[in-house]
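Work through the exercises below with the sequence and the model open. Each task is followed by a solution in steps.

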Amino acid sequence: MSVPMIRLENVEKVYRTDRIETVALSGVNLDIEEGEFVSIMGPSGCGKSTLLHLIGLLDAPSKGTISLNGAAVTDASDKALAHLRNQQIGFVFQSFHLIPDLSVLDNVEIPLLYRKVGAAERRKAAEAALERVGLSARMHHFPSQLSGGQQQRVAIARAIVGRPRVLLADEPTGNLDSQMGDDIMSILQDLNTKEKTTLVMVTHDPRQAEKTVRTIRMFDGRRVN
Amino acid sequence: MLKNYLKLSLKILGRRKFFTFVSLFGIGFTLLVLTLSAAMLDHIFAPYAPETRADRTLTVFSVRLQSADSWSTGPAGYGLYDRYMRDLPGVERMTISSMPATVVSYWKGARIEALLRRTDADYFRILDFNFLEGAPYGQADVDESRFVAVINETTRRKYFGASPALGQMIEADGQSFKVVGVVPDVPIFRLLSMGDIYVPVTTAKSDDYKNKIRGGFIGLFLLKDKGLADSVRQEFKARLTKVELPQQFNKIYAVPESFFGSFARMFINDFEADEPGDRLMAIFLTIAALFMILPAVNLVNLNVSRALERSSEIGVRRAFGASARDLLLQFLFENVIISVVGGILALMAAGAVLAVLNRSDLIPYAHFALNLRIVAWGFLFALTFGVISGVWPAWRLSRLKPINALAGGSR
């Protein structure tokens with residue numbers, strides 16, 4: 001029996017302030033196999049993004065265990081988590097999160113800055129990633145000079161430049177019109193089918209969710225399917 | 001990585017112009033004051049001509065006479081050196097010179113004020129004066145109390161204008177001297193060598209000075225080798241025990257040391273401290289650090305207030321593999337860069353201020369200059385300032401949780 005790429009066991013996430021305790025996730029169990037393309041759907045506030053952030057090691061669960069490729073990562077150090085994010089995971093955010101002071105090429109190079117990769121090799125990899133998303137002609141532009149769809153393609157190039165095994169996309173088409181959204185989806189599908197990248201995507205859009213292999217539904221912090 | 005940080009730092013400086021201006025103004029002004037202070041101290045203590053042999057010269061700036069219930073501190077007397085400190089082992093040459101005293105002369109109806117220093121002949125052998133005209137007076141001049149004088153350029157100009165000076169007579173302190181040499185002006189702060197008129201010590205109006213243990217003279221000892229300083233100090237100390245003290249005193253303290261050390265001993269007024277120079281340097285550096293703290297706190301506040309603006313970037317970098325340490329280094333590096341830019345501006349401004357000071361008569365004979373040593377101090381101040389003002393904000397920014405940083409992003 002193969003080890004799942006991502007495994008969540010009885011994961012709970014509680015946000016506590018002085019007065020309020022908010023349960024964002026409760027008793028979530030989930031296995032995602034290598035090469036799967038999974039979408040996570042549910043109403044606003046149901047815990048979809050929280051789940052994605054936990055999978056992406058951007059946040060820690062209050063309870064439960066998260067394993068990547070069979071290894072538990074819940075208690076890993078900051079340095080170890082940073083290394084895992086750098087080597088294994090790529091992120092695509094709804095609001096792109098490109099650094100406005102850097103050119104498209106410099107933005108795409110960011111994940112490689114935290115690896116022992118020489119400048120020439122970084123540049124070459126970033127150029128290849130931009131070519132992969134069809135933005136070679138814009139590599140010396142700044143994010144503010146690009147349309148929303150182009151910015152999201154830059155964000156995808158940045159996410160894949162380090163060839164991660166897992167790509168996490170948080171409503172990647174949420175800020176785009178339907179045509180641009182379809183373009184982005186076809187890039188993601190392409191990555192999944194051709195490069196066997198494991199993809200987990202949070203979306204509100206059933207039309208985009210239908211293009212994934214499996215849909216996980218969330219409600220009130222729990223899985224409902 | 002550093003290239004990337006540098007590129008980003010410069011872009012951020014260019015993009016946030018008001019922030020950059022406020023930061024650079026604060027940093028630049030602070031560093032300007034510190035650089036000017038360093039230039040002043042360099043001007044006073046660095047081994048410039050005629051004090052070119054400072055590395056193997058020891059001096060005694062002041063002595064302390066102690067009784068059971070009182071003490072007297074100040075320059076030693078001629079008698080202390082002449083009667084007790086001649087022929088110290090390891091000393092190639094010793095000179096005794098008076099502290100410069102202001103004397104007034106009237107020359108062709110004009111009132112001329114000058115600093116008169118009375119010296120022996122070895123004074124000009126230990127100090128490396130570059131004679132513009134003539135030569136120093138010699139041992140015979142001193143032994144025979146000849147009324148001869150070496151004057152500096154400014155005094156020469158005051159007395160003689162463009163006419164020849166050598167062989168001419170000048171009046172100082174009610175005495176007439178024949179000019180035998182002209183030397184460059186020595187800045188007023190260089191207490192060992194400055195003076196307008198130098199004359200043989202034996203031309204003093206009375207011989208009272210010869211036996212005094214305390215009062216008005218500086219001793220300079222040129223060592224055969226700079227490694228002999230400790231042994232000379234020990235012998236000096238041993239000889240002090242043989243000094244016949246004035247009646248009311250029972251102990252004498254004095255230590256031959258570098259000019260800076262001697263000045264430091266006088267400043268901290270501790271005649272038994274081992275390394276007064278180190279203590280004075282620590283005091284100077286503490287003052288410099290305290291002076292940096294207020295603008296540093298200001299910059300810390302500015303930096304922290306930028307956190308929200310840059311939280312998206314922090315979140316992205318964390319998401320793509322930056323550890324807290326990576327971010328700490330990045331933000332610290334950025335702060336050091338802006339501080340170094342401030343330091344460069346401060347050095348340029350300091351150059352201009354020093355040029356104005358040199359041209360003004362505010363400090364007599366000043367010739368301040370930005371040499372490599374001061375530039376190095378300027379950069380050290382800039383780096384220190386960058387680290388002091390950068391560590392806390394960098395630490396705070398680097399400790400932001402990735403998810404919180406992304407959530408706080410402006411985009």
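The model is a predicted one.

**Exercise 1. A hairpin in chain B**

Task: Describe the hairpin of E9(B) and E10(B), and sort the residues of strand E9 (residues 169–172) by face.

Solution: 
- Step 1. E9(B) pairs with strand E10 (residues 175–183) of chain B over 4 bridges, antiparallel.
- Step 2. B:Ala172 has B:Gln175 of E10(B) as its bridge partner.
- Step 3. The hairpin leaves 2 residues between the strands, and B:Asp173 in the turn has a positive phi of about 55 degrees.
- Step 4. B:Ile170 and B:Ala172 make up the covered face of E9(B), while B:Met169 and B:Glu171 make up the uncovered one.

**Exercise 2. Two helix pairs in chain B**

Task: How do H8(B) and H9(B) pack, and what is the handedness of the crossing of H11(B) and H12(B)?

Solution: 
- Step 1. Two packed helices are described by the angle between their axes and the distance between the axes.
- Step 2. For helix H8 (residues 259–268) and helix H9 (residues 276–305) of chain B, the angle is about 70 degrees and the axes are 8 Å apart.
- Step 3. Angles of 65 to 115 degrees count as roughly perpendicular, so H8(B) is roughly perpendicular to H9(B).
- Step 4. H8(B) brings B:Phe260, B:Gly261, B:Ala264, B:Arg265, B:Phe267 and B:Ile268 to the contact, and H9(B) brings B:Pro276, B:Gly277, B:Arg279 and B:Leu280.
- Step 5. Sorted by class, this contact of H8(B) with H9(B) has 6 nonpolar, 2 polar and 2 charged residues.
- Step 6. For H11(B) and helix H12 (residues 372–398) of chain B, the axes come within 7 Å and cross at roughly 145 degrees.
- Step 7. The crossing of H11(B) and H12(B) is right-handed.
- Step 8. The contact of H11(B) with H12(B) has 21 nonpolar residues, 9 polar and no charged.

**Exercise 3. Buried or exposed?**

Task: Is A:His97 buried or exposed, and is B:Lys108 buried or exposed?

Solution: 
- Step 1. Locate A:His97 in the loop between strand E6 (89–92) and helix H3 (104–113) of chain A.
- Step 2. A:His97 is not a glycine, yet has a positive phi of about 55 degrees.
- Step 3. The cut-off for buried is 20 or more other C-beta atoms within 10 Å; A:His97 has 24 and is therefore buried.
- Step 4. Locate B:Lys108 in the loop between strand E5 (101–107) and strand E6 (110–119) of chain B.
- Step 5. Phi of B:Lys108 is also positive, near 50 degrees.
- Step 6. The cut-off for exposed is 12 or fewer; B:Lys108 has 6 C-beta neighbours inside 10 Å, so B:Lys108 counts as exposed.

**Exercise 4. The contact between the chains**

Task: How many residues does each chain give to the contact?

Solution: 
- Step 1. Chain B gives 24 residues and chain A gives 20 residues.
- Step 2. On the side of chain B that touches chain A, the elements that give two or more residues are helix H1 (2–15), helix H10 (307–319), helix H11 (324–359) and helix H13 (402–407) of chain B.
- Step 3. H10(B) gives the largest share of that side, 6 residues.
- Step 4. By class, that side of chain B has 11 nonpolar, 6 polar and 7 charged residues.

Methods: Residues numbered from 1 in each chain as written. Chains lettered and ligands numbered in written order. Predicted model: local features only at pLDDT ≥ 70, side-chain atom pairs only at ≥ 80, totals over all residues. Pairing = 2+ DSSP bridges. Contact = placed C-beta atoms within 7 Å. Nonpolar A, V, L, I, M, F, W, Y, C, P; charged D, E, K, R; others polar. Axes fitted to C-alpha atoms, helices over the stretch in contact; angles between N-to-C directions. Parallel < 35°, antiparallel > 145°, perpendicular 65-115°, else oblique. Left-handed = near helix turned anticlockwise from the far one by under 90°.
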